[in-house]
Amino acid sequence: MAVNPEVEWMARKKTEIVPVRSDVPIYPIGVAAKLLNVHPRTLRIYEKEGLIEPAQQGNRRMFSADDIQWISCIRRFIHEDGISIPGLKKLLEFVPCWEISDCPEDVHQCCGAKVDKAVPKTLHRVGNAQARAEAKEQDVQKRKSAASAKKHQSSG
């Protein structure tokens, strides 16, 4: 029996494996729940409360590695720090997640799961996305300068 050369070539062709980015949703809710050691209902509660926003593929919720990391942070806030879900939602309106958890700057700068839903404190025109972004950047600069002044003050 003769083997078709094209079929033989395809069988030998190596598949290139490309690593998946951490922001690509690849885990269905059941797998995500097992990775986090929680019930899928818990993830649905977090979604209903607005703490997470899983990607939707049809009627399926899909989670990325960044989502998994953020949910583990949520779990730590709730179970280790004793912050209630309503309390966490309120805190996130005022400060980004890395300020709640005291993440060092080098950690939160490279974190793909960081969440910053805080409303800018610097005055800006409501409804203007560019003004909001500029106000948010001014808030970041103020926090950085305050942190560096505090660091300088404590070392001197």
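Visitor: Which residue forms a salt bridge with Glu-49?

Guide: Quick heads-up: this is a predicted model, where local features need pLDDT of at least 70, side-chain atom pairs count only at pLDDT 80 or more, and totals for chains, interfaces and linings use all residues. Residues are numbered from 1 along each chain as its sequence is written, and side-chain values use heavy atoms, with hydrogens and water left out. A salt bridge here is a side-chain nitrogen of Lys or Arg within 4 Å of a carboxyl oxygen of Asp or Glu. For Glu-49, the closest N and O atoms are 3.1 Å apart, and the partner is Lys-89.

Visitor: Why does the pair of Glu-49 and Lys-89 tie together parts that are apart in sequence, and how many residues apart are they?

Guide: Helices (H or I, at least four residues) and strands (E, at least two) are DSSP runs, numbered from the N terminus. Glu-49 sits in the loop between α3 (40–48) and β2 (55–57), while Lys-89 belongs to helix α5 (residues 85–94), so the parts being tied are separated in sequence by 40 residues.

Visitor: Are Glu-49 and Lys-89 buried, exposed or partly exposed?

Guide: The cut-offs are these: buried means under 20% relative accessible area, exposed over 50%, partly exposed in between (1.4 Å probe, protein chains only). Glu-49 comes in at 30% and Lys-89 at 32%. That makes Glu-49 partly exposed, and Lys-89 is partly exposed.

Visitor: Which residue meets Glu-93 in a salt bridge?

Guide: Look within helix α5, 3 residues away from Glu-93, about one turn of the helix. Glu-93 is partly exposed at 38% relative accessibility. The N to O distance is 3.6 Å, and the partner is Lys-90.

Visitor: And how many salt bridges are there in the whole structure?

Guide: Another one pairs Asp-23 with Arg-21, with the closest N and O atoms 3.0 Å apart. There, Asp-23 is partly exposed at 41%, whereas Arg-21 is exposed at 57%. The search over the whole structure gives a total of 4.

Visitor: Asp-66 is buried yet has no salt bridge, so how far away is the nearest side chain of opposite charge?

Guide: Asp-66 is in helix α4 (residues 65–79). For charge, Lys and Arg count as positive and Asp and Glu as negative; His and the chain ends are not counted. The nearest opposite charge to Asp-66 is on Arg-21, at 8.0 Å.

Visitor: Then with which side chain does Asp-66 make a polar contact?

Guide: A polar contact is a pair of N or O atoms within 3.5 Å; within protein, one must be able to donate a hydrogen and the other to accept it, and residues adjacent in sequence count only if both atoms are side-chain atoms. For Asp-66 the distance is 2.9 Å, side chain to side chain, and the partner is Ser-22.

Visitor: What about Asp-67: how far is it from Tyr-27 in space?

Guide: Asp-67 also lies in helix α4, and it is partly exposed, with 22% relative accessible area. Asp-67 and Tyr-27 are 40 residues apart in sequence. From C-alpha to C-alpha, the distance is 9.7 Å.

Visitor: Last one: what share of the residues in the protein is buried?

Guide: The secondary structure comes to 8 helices and 3 strands, in the order α-β-α-α-β-β-α-α-α-α-α. Of the 156 residues, the buried share is 26%.
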